[in-house]
Amino acid sequence: MGFKSYCFTHPGHLRTLNEDSFYINDEKKLWVVCDGMGGHEEGNFASHLITDIFEYFPLEGSFENKIEMINKQIKIIHNLLENKVEKMGGNITIGSTLMLLHIEDDKGVCIHMGDTRCYCLQNGTLRTITKDHAIQINDFYGSRRYLTSALSAPGNLIIETTRFTVYKEDVFLICTDGLYDYISNKIIKEAMSQENKEEALFKLKQSVLITSAEDNITVTIIENI
């Protein structure tokens, strides 16, 4: 199977800095989207460290060997970020979510932590391949989403690996919460169903930017060609 991907990223209307980062490589069949956390330059550093490392990460061996090596690399990145936090005094957050999609023949795998999502449109049905590592809490700061796992975030690191079968007509979409918090699944499905994926991406961009769009936004659409 061959794939072609389309991506856009935008800081949104409220934030001056875009802490999202992405890496797409259709030849390697590897697509990564990260949502950095920490504010100022820290979240930006964390998300770009991940995508920069996977840009040069060799995918060698069997499908299962690749999954094992990716998981090991994620743990190394986690330790690098934890060490940086410690050197800076331990009172800051330098973390990131991660959604990594890799496909080999008819086998696919999502490796993720956090609330960055991977959607799949299959035979007209839209579903998320993974479940968010997040819960809704009410505290002093009000009602908000709290991540239960992310790279270099408080709590235990949970690396979730989800294997699945890929079919020829499948379309995938990876996005940060800056997209799905502001537009409906109906709009996402309609866009993914469009034959022209460049136009689909433009439609999604327009749809989210007419909202308050208070978060960074990154979207990658991957089609089987």
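Predicted model: local features only at pLDDT ≥ 70, side-chain atom pairs only at ≥ 80, totals over all residues.

Colleague: Where does A213 lie?

Modeller: In the loop between α5 (197-209) and β13 (217-224). A213 is not a glycine, yet its phi is positive, about 40°.

Colleague: What about N123, what is its phi?

Modeller: Near 50°, again in a residue other than glycine. N123 sits in the loop between β7 (117-122) and β8 (125-128).

Colleague: Is N123 buried or exposed?

Modeller: Exposed, with a relative accessible area of 73%. A213, by contrast, is buried at 0%.

Colleague: Switching to the inside. Which residues of the largest nonpolar core touch the most other members?

Modeller: V32, F54, I70, I74, L98, L100 and I111, out of 24 residues in that core. At least two residues each come from β3 (30-37), α1 (42-55), α2 (63-87), β5 (98-104) and β6 (107-113).

Colleague: Which of them gives the most?

Modeller: α2, with 7 residues.

Colleague: And what does I111 touch?

Modeller: Leaving out residues up to four places away in sequence, the list includes I67, I70, N71 and I74. L98, M99 and L100 are on it too, as are I159, E160 and T161.

Colleague: What else lies apart from that core?

Modeller: Another core, of 21 residues. C175, A191, M192 and V208 are among them.

Colleague: Back to α1. How far does it reach?

Modeller: 20 Å from its first C-alpha to its last, over 14 residues. That is close to the 20 Å expected at 1.5 Å a residue.

Colleague: Which residues in α1 are buried?

Modeller: E42, G43, N44, A46, S47, I50, T51 and F54. Their cover includes β2 (20-25), β3, α2, β4 (95-96) and β5.

Colleague: Where does the largest share of the lining come from?

Modeller: From β10 (142-147), with 4 residues. β3 also supplies at least two.

Colleague: How does the lining split by class?

Modeller: 9 charged, 5 nonpolar and 4 polar residues.

Conventions: Residues numbered from 1 in each chain as written. Heavy atoms only, no water. Core = buried A, V, L, I, M, F, W, Y, C linked by side-chain atoms within 4.5 Å. Buried < 20%, exposed > 50% of the residue type's maximum accessible area, 1.4 Å probe, protein only. Contact = heavy atoms within 4.5 Å. Nonpolar A, V, L, I, M, F, W, Y, C, P; charged D, E, K, R; others polar. Expected span 1.5 Å × (residues − 1).
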